[in-house]
Structures are given as C-alpha cells and as structure tokens.
Amino acid sequence: MVLLGHTTRSASAFADTAVRCRVFEASDLDAISQREPQLRITLLENLAKDMAAKLRGSTQWIAALA
C-alpha cells in the first residue's frame, strides 16, 4: 500500500528464523522504474490482483452478514 499511496506502513512482519531485511521505499521504486519500467508494471499488476482478491473476500464476508 505504501508503494501505491506514498503513506506510512500499516502492517508488521515477523520471521521465525534469522533473516536479512532491506528497506524498500516508494522513492526507490520511482528510481528503479526509470531504468526498468516493466518491473513497475509487474509489481503494480501483482498488487492489483492481491487487492482485488481481498476485496472479493470482503464483499463475500459482508454479504454473509446481511
């Protein structure tokens, strides 16, 4: 969501094992997109598919409550 709306994060992540973490900010995506526009397209397509699936699930959940 941060990559789409340039807002602060709204989730946390936890690992069960030792990991390396790299911070990826919206401005990083903008810079990379200048060199690799297909990367931005692919990332946004995947985000759109994920959000559509979540919206469908929410709609079904709300319909079940009605």
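**View 1. W61 counts as exposed, at 58% relative accessibility.** In this predicted model, exposed stands for over 50% relative accessible area, buried for under 20%, and partly exposed for what lies in between (1.4 Å probe, protein chains only). W61 has its place in helix α3, and together with I62 and L65 it makes a nonpolar surface patch of about 390 Å². A patch gathers residues with over 30% relative accessible area and no salt bridge, joining nonpolar side chains (Val, Leu, Ile, Met, Phe, Trp, Tyr) within 5 Å and like charges within 9 Å. Areas of this kind come from the Shrake-Rupley method with a 1.4 Å probe, and for residues only the protein chains shown count as cover.

View 2. Helices (H or I, at least four residues) and strands (E, at least two) are DSSP runs, numbered from the N terminus, and along the sequence they give the pattern α-α-α. The radius of gyration of the chain is 16 Å, well over the 11 Å that the globule rule gives for 66 residues, so the chain is more spread out than a compact globule. That radius is taken over C-alpha atoms, and the rule is 2.2 Å times the number of residues to the power 0.38. Along the principal axes, the C-alpha atoms fill a box of roughly 45 × 30 × 20 Å. Of the 66 residues, 6% count as buried, while the accessible surface of the chain comes to about 6,100 Å², with 59% of it belonging to carbon and sulfur atoms.

**View 3. Confidence is lowest in helix α1 and highest in helix α3.** The pLDDT, which is the predictor's confidence in each residue from 0 to 100, averages 86 over the chain, and 92% of the residues score at least 70. Helix α1 (residues 2–5) has a mean of 69, whereas helix α3 (residues 37–65) reaches 91. Where pLDDT is low, the predicted coordinates should not be read in detail.

**View 4. Helix α2 (residues 26–35) has A26, L29 and S33 as buried residues.** Seen down the axis of α2, these buried residues fall within an arc of 50°, so they line one face of the helix; the arc is that of the directions from the helix axis to the C-beta atoms. The face of α2 turned away from this buried side carries Q34 and R35, which are exposed. L29 is buried with a relative accessible area of 1%, and its C-alpha atom is separated by 14 Å from that of T7, 22 residues apart along the chain. S33 is likewise buried, with a relative accessible area of 10%; from C-alpha to C-alpha, S33 and L4 are 13 Å apart in space and 29 residues apart in sequence.

**View 5. D30 and R40 meet through their side chains in a salt bridge (3.1 Å, N to O).** The pair links distant parts of the chain, with D30 in helix α2 and R40 in helix α3, ten residues apart. A salt bridge is a side-chain nitrogen of Lys or Arg within 4 Å of a carboxyl oxygen of Asp or Glu, and the structure holds two of them. D30 counts as partly exposed at 31% relative accessibility, and R40 also counts as partly exposed, at 26%.

View 6. An α-helix has 3.6 residues a turn, so residues three or four places apart point the same way. K54 is exposed, with a relative accessible area of 53%, whereas D50 is partly exposed, at 37%.

**Notes to all views.** Residues are numbered from 1 along each chain as its sequence is written, and side-chain values use heavy atoms, with hydrogens and water left out. As this is a predicted model, local features need pLDDT of at least 70 and side-chain atom pairs count only at pLDDT 80 or more, while totals for chains, interfaces and linings use all residues.
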